[in-house]
Amino acid sequence: MGPEAGAARSGRFFGVYLLYCLNPRHQGRVYVGFTVNPTRRVQQHNGGRKKGGAWRTSGRGPWEMVLIVHGFPSAVAALRFEWAWQHPQASRRLGHVGPRLRSEATFAFHMRVLAHMLRVPPWARLPLTVRWLRADFRRELCPPPPPHMPLTFGPPPPRALAPKRRAGPLADMESEPGQEAEACCALCARSFQDEEGPLCCPHPGCHLRAHVICLAEEFLEKEPGQLLPLEGQCPGCKNSLLWGDLIWLCQMGTKEEGEDLELEEEHWTDMLET
């Protein structure tokens, strides 16, 4: 894992969470939702619709956010995951997951669905983190998540402020005559387009810069049937790199999108059929 793996990652946060109802009149109910700000979102749910909560949770609180899955590359990716978790019988990727049993609690059923979701494409190859926010609710997932998906506890790490976007892929280096000639992919030797930033190795002393496609093809040489890499060896310094870490580091210089965005599934169901 790269040197930045343990640090709070800058930029975007997209999570899909599970709420559990603590109200004795509705105890046992759960709710699956999408958020870019877990702390604010649970406050909205407990505040009711007037505070931005969902109609399905309004007036039934208090609600506790007990689990969140995060690390999605975009809001749309997270929203597709949310929709499939809410509607497993309608998702073509989850046809092998049986319906809820009569003796099965709603919470247990959602854990069973989640376990299978993390094992099927495209989610099985995403750099996701499964985070328990309430340790007393923890359940073993069967089947367990893939080895590259960490299982963690406690609140998500705070988001660091993203640095301003650099003027070009080599703007962090000293300007020298003829430097433009160096702004090219280490794998294909072609230059980078203005609108695309290179993937850069985070290891100290390694100056590898490569197109996303070029490095993906390099990583997938041993997995020719796959489209999305999980990890690979840096062609420059030969250190092991997680693909998810590389993508996050590439996004650090971009403008944060959706910082104040809260999207409810009612607005997205039609366009996010999975």
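Student: Before we start, what makes two rings a pair here?
Tutor: Rings of Phe, Tyr and Trp, the last by its six-membered ring, pair if their centres lie within 6.5 Å. Keep in mind that this is a predicted model.

Student: Okay, so how many aromatic pairs does the structure hold?
Tutor: It holds eight aromatic pairs. One of them is formed by Phe14 and Phe34, with 6.4 Å from centre to centre and 20° between the planes.

Student: Is that pair stacked or edge-to-face?
Tutor: Phe14 and Phe34 are stacked.

Student: And which parts does that pair tie together?
Tutor: Phe14 sits in the segment before strand 1 (15-21) and Phe34 in strand 2 (residues 30-35), so the pair joins parts that are 20 residues apart in sequence.

Student: Are those two buried or exposed?
Tutor: Phe14 is buried, at 5% relative accessibility, and Phe34 is buried too, at 1%.

Student: Got it. What about Phe81 and Trp123, how are their rings arranged?
Tutor: Their planes are at 85° and their centres 5.5 Å apart, so this pair is edge-to-face. Phe81 belongs to helix 2 (residues 75-86), while Trp123 is in the loop between helix 3 and strand 4 (129-132), so the pair ties together parts 42 residues apart in sequence.

Student: Buried or exposed, those two?
Tutor: Buried: Phe81 has a relative accessible area of 0%, and Trp123 comes in at 2%.

Student: Which residues do ring pairs link into a cluster?
Tutor: Phe72, Phe81, Trp85 and Trp123.

Student: Why does His110 count as buried?
Tutor: Because its relative accessible area is 13%, and buried means under 20%.

Student: New topic: strand 1. Why is it called largely enclosed?
Tutor: Because seven of its seven residues are buried. Gly15, Tyr17, Leu19 and Cys21 point one way from the strand, and Val16, Leu18 and Tyr20 point the other way.

Student: Which strands does strand 1 pair with?
Tutor: It pairs with strand 2 in the antiparallel sense over six bridges. It also pairs with strand 3 (residues 63-70), again antiparallel, over seven bridges.

Technical notes
Residues numbered from 1 in each chain as written. Predicted model: local features only at pLDDT ≥ 70, side-chain atom pairs only at ≥ 80, totals over all residues. Heavy atoms only, no water. Buried < 20%, exposed > 50% of the residue type's maximum accessible area, 1.4 Å probe, protein only. Phe/Tyr/Trp six-rings, centres within 6.5 Å; stacked < 30°, edge-to-face > 60°. Helix = DSSP H or I, 4+ residues; strand = E, 2+ residues; numbered from the N terminus. Pairing = 2+ DSSP bridges.
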